[in-house]
Amino acid sequence: MGKRLTVIGTGYLGATHAAAMAELGFEVLGVDVDPKKIDSLSRGELPFHEPGLPELLLKHIDSGRLRFTTSIEEAGAFGDVHFIAVGTPQRAGEDAADMTYVDAAVSSLVNAITRDALIVGKSTVPVGTARRLKSLIDEFKARGIEIDLAWNPEFLREGFAVQDTLRPDRLVVGTDSPKAHAALREVYADAISRETPYIATDFETAELVKVAANAFLATKISFINAFAEVTETVGGDIRTLADAIGLDNRIGRRFLNAGVGFGGGCLPKDIRALQARVSELGLDRTMRFLSEIDEINLRRRDRVVYLAEELLGGLEGKRVAVLGTAFKPNSDDVRDSPALDVAARLFSGGAEVSVYDPKANANSAQRFPRLNYCSTLAEAVSGADVVLVLTEWQEFRDLHPQGIQSLVNNKQIVDGRNVLGKDEWESAGWTFRALGLRSSD
Ligand code: NAD
């Protein structure tokens, strides 16, 4: 295999992509503007938690197929195919995506490229970005170098990033260049040989597939959470409701777990950026339902704060144990984490908040240093007036009243992820609250 690949931006997406491409047999150079990240990756140390990735990283640093640099010039000279994996966060104080990182990465790369090459955007971007970048790239044709562009959105899930990259559900590639398709079919030959669908399309469709998928997933979560608001009022069992509708295979059970809602570095900012972009296009009403989806999602955090406050009869001076701060299990990512938001709000309300997350304590402490971070679950729940389960790590799914009741001050628990058995906790003498559960039930 002759292709040499670069990955520009080595965060959650880029570091995974770089290591996975090395695993597929390519020579890979990862590039980032953050020298600390590059130093750590070059030493084989992954600066975030992702199952299976540390092993892959070390394996290919040792094999010599994977290197890291801060030099875009080195990347421009090295690569045949350059993947863009830089961040597209929400712009401060706005809903739209901040495109400064993508624009900076592409223009510095284009200036550094010394021979014919293909640029492949993987970042999640507003529709219209690839076409805009293509005209910027075309200006370089005058140098006699041919640079193609394709958009190949990424669908990996944190916590399953390695398997999702090596065995994706589908490959979506938007480009008007047959050469770009040929190069990417070679890069993804392994997945294609396993019958992974390769969807060849245009820029706009490729960009939209990604945000449409995320908008759909967010809608599914807020849909069940809206019904949780109903069962909280009228009674009923939200888990049985989800199981029953999920058995209809047109609906499906996944992403129908009522709880404290979605967060992370993707879903919230992607649905906001989509609304902003569609409004920019003059379609003000088209994606308006997504602001409802967002609001339902944020109301779930209010509900957990309310339940804690109600159980405690006010927050001032009360001891709250928060189990889980990552936005989801198997990740240390706390970007827009519902769990961490709830913990911070309880602290602001006057509670003493002890926090334990198996992997995300350090990242959480960077954002909210004043919470009391504990290195074990037992330490966090010691003396607690209420225990909140806010991220469904297996360790918390496996929680039983007998394991912690001698440690707490008051036997009160809020299941913010619907992973515990109400009957078990209540028979052990606990006051049990959950999202989707009427308080008097
Ligand atoms: P991240 O913040 O973890 O990583 C982005 C990296 O880009 C950082 O290390 C940053 O230093 C680097 N960077 C910024 N400007 C640069 C430049 N000019 N040159 C080189 N490096 C630069 O973000 P992420 O979670 O990896 O997300 C990256 C993109 O992938 C986003 O568009 C995101 O929406 C999308 N995405 C993420 C996931 C995920 O699960 N994290 C999944 C699918 C898609």
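In what order do the six strands of the open sheet run, and is their pairing parallel or antiparallel? I would like to take that question as the way into this chain, with the caution that what we have here is a predicted model.

The order is β11-β10-β9-β12-β13-β14, and the pairing is parallel. At the edges stand β11, residues 372–373, and β14, residues 431–434, each with a single partner strand, so that one side of each is left without a neighbour in the sheet. As a reminder of the general principle, strands of a sheet pair through backbone hydrogen bonds, in either a parallel or an antiparallel sense.

Let me stay with β9, which covers residues 319–323. Five of its five residues are buried, and the strand is therefore largely enclosed by the rest of the structure. In a regular strand the side chains alternate between the two faces of the sheet. In β9 we find R319, A321 and L323 pointing one way, while V320 and V322 point the other way, and all of them are buried, the arginine included.

The partner to consider next is β10, residues 352–356, which runs parallel to β9 and is joined to it by five bridges. Within that pairing, V320 stands opposite V353, and V322 has V355 as its bridge partner. Four of the five residues of β10 are buried, so this strand, too, is largely enclosed by the rest of the structure.

As for annotation, the unreviewed UniProt entry places a domain named "UDP-glucose/GDP-mannose dehydrogenase C-terminal" at residues 321–422. Over that range the chain is 31% helix and 18% strand, with the end C-alpha atoms 19 Å apart.

Now to the ligand, which has 26 residues around it, and of these G9, G11, L13, S123 and T124 come nearest. Taken by class, the shell comprises 12 nonpolar, nine polar and five charged residues. Two helices, α1 at residues 12–23 and α5 at residues 100–112, each supply at least two residues of that shell.

How much of α1 is buried? The helix is mostly covered, with 11 of its 12 residues buried, among them L13, which is also one of the residues that come nearest to the ligand. Also on the buried list are Y12, H17 and M21, together with several alanines, including A15, A18 and A19. From its first C-alpha to its last α1 reaches 17 Å, close to the 16 Å expected at 1.5 Å a residue. Just after this helix, G25 takes a positive phi of about 110°.

Finally, the chain as a whole. Its secondary structure comes to 19 helices and 14 strands. The radius of gyration is 23 Å, close to the 22 Å that the globule rule gives for 441 residues, so the chain is as compact as a globular protein of that length. Along its principal axes the C-alpha trace spans about 75 × 50 × 40 Å, and buried residues make up 49% of the 441 residues.

How values were computed:
Residues numbered from 1 in each chain as written. Predicted model: local features only at pLDDT ≥ 70, side-chain atom pairs only at ≥ 80, totals over all residues. UniProt positions renumbered as here; feature names shortened; annotations may be inferred. Near = placed C-beta within 6 Å. Nonpolar A, V, L, I, M, F, W, Y, C, P; charged D, E, K, R; others polar. Expected span 1.5 Å × (residues − 1). Buried ≥ 20, exposed ≤ 12 C-beta atoms within 10 Å, placed from the backbone. Pairing = 2+ DSSP bridges. Rg over C-alpha atoms; globule rule 2.2 N^0.38 Å.
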